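Here are my notes on this model. Please read them with the coordinates open.

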Amino acid sequence: MSDLAESVESMEQLALVWRSMVLDRDADADVRDLPGIAVRWADCRFAFWNALTLTDVGADARLLDERLAEAAKIMRSKQQPGFLWVFEDLLDETARATLETSAEQAGLQYAFPGTGMAGDLLPVPDPVHPDLTFVRVSTDEQLRAYADLNSRGYGFPLEAGRDGLVGSALWKDEVHAYLALRDGVPVACAGAIPADGRLFVVLVATDPQWQRRGYGEAVTRKALHEGARATGLTRATLHATVAGAPVYPRIGFRPNSRIAFYGLRD
């Protein structure tokens, strides 16, 4: 795949997987595909389930201005905050150069960076970590623990993660979601779900007090190992935070597009 093709793949994987995640949270969620914008908005307290992404390939500065204005208008119409995902490599050079200014003019505020990643890396060996055992999420109690790890890892209130995940059948049945346990206590988690011939890694988190010990990498490898074993898929995709970006290349992922996350300006 060319770098641009991998960036398109990264955006399309987000739109596909987030549609399932958002509809799992709320069957009446806003999952419209508008010109140049994919809306994936559950309007719940878990901000990651409230998302928009730009879908044009090669948008120039003028088109970018239009899309950002429309995205901000949609976000202002919602009750709960969320994020606009901008895959920067899908913009042309003029649009990339004006992105920050254009976003500010639209009433958007830069939140944090990310990176799309992918690789033909499966299968991976079943991981072993001296501190950890692994368990697949199959009960409401385990899913609540998974939600709480994400809230702690990303700095959300516990109620936010629970609002996004607790009660989900998808996360217990279709996502290969794993908890890493240290002395029986959940300390990290990762999930992987089949999506259009790929295994998409989603919601990786480590309890802040247990970070930088390899726990996130180990549980991600577990989700990939079990997901690949169950599906036979050989390609995997994900979207990395700053904390995860140095970790995933060790598993075999290759970075593609930079991602800029925006929220509404206060």
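**Helix packing and a buried strand**

1. The crossing of α2 and α3 is right-handed. Bear in mind that this is a predicted model. Helix α2 covers residues 61-76 and helix α3 residues 93-105. They pack at an angle of about 35°. Their axes lie 9 Å apart.

2. Which residues of α2 and α3 make the contact? On the α2 side they are Ala-61, Leu-64, Asp-65 and Leu-68. From α3 come Thr-94, Ala-95, Thr-98, Leu-99, Ser-102 and Ala-103. By class, the contact has 6 nonpolar, 3 polar and 1 charged residues.

3. Now the strand β3, residues 50-54. Is β3 mostly covered or mostly open? Mostly covered: 5 of its 5 residues are buried. The burial applies to both faces. Asn-50, Leu-52 and Leu-54 are buried on one side. Ala-51 and Thr-53 are buried on the other.

4. Strand β3 has β2 (residues 37-41) as a partner, and the two run antiparallel. How many bridges join β2 to β3? There are 5. In this pairing, Arg-40 stands opposite Ala-51 of β3.

5. Strand β3 also pairs with β4 (residues 83-87), here in parallel. This pairing has 3 bridges. Ala-51 stands opposite Phe-83 in β4.

6. The chain crosses from β3 through α2 to β4. This β-α-β crossover is right-handed.

Note on methods. Residues numbered from 1 in each chain as written. Predicted model: local features only at pLDDT ≥ 70, side-chain atom pairs only at ≥ 80, totals over all residues. Heavy atoms only, no water. Axes fitted to C-alpha atoms, helices over the stretch in contact; angles between N-to-C directions. Helix = DSSP H or I, 4+ residues; strand = E, 2+ residues; numbered from the N terminus. Left-handed = near helix turned anticlockwise from the far one by under 90°. Contact = heavy atoms within 4.5 Å. Nonpolar A, V, L, I, M, F, W, Y, C, P; charged D, E, K, R; others polar. Buried < 20%, exposed > 50% of the residue type's maximum accessible area, 1.4 Å probe, protein only. Pairing = 2+ DSSP bridges. Right-handed = clockwise from strand over helix to strand, strands pointing away.
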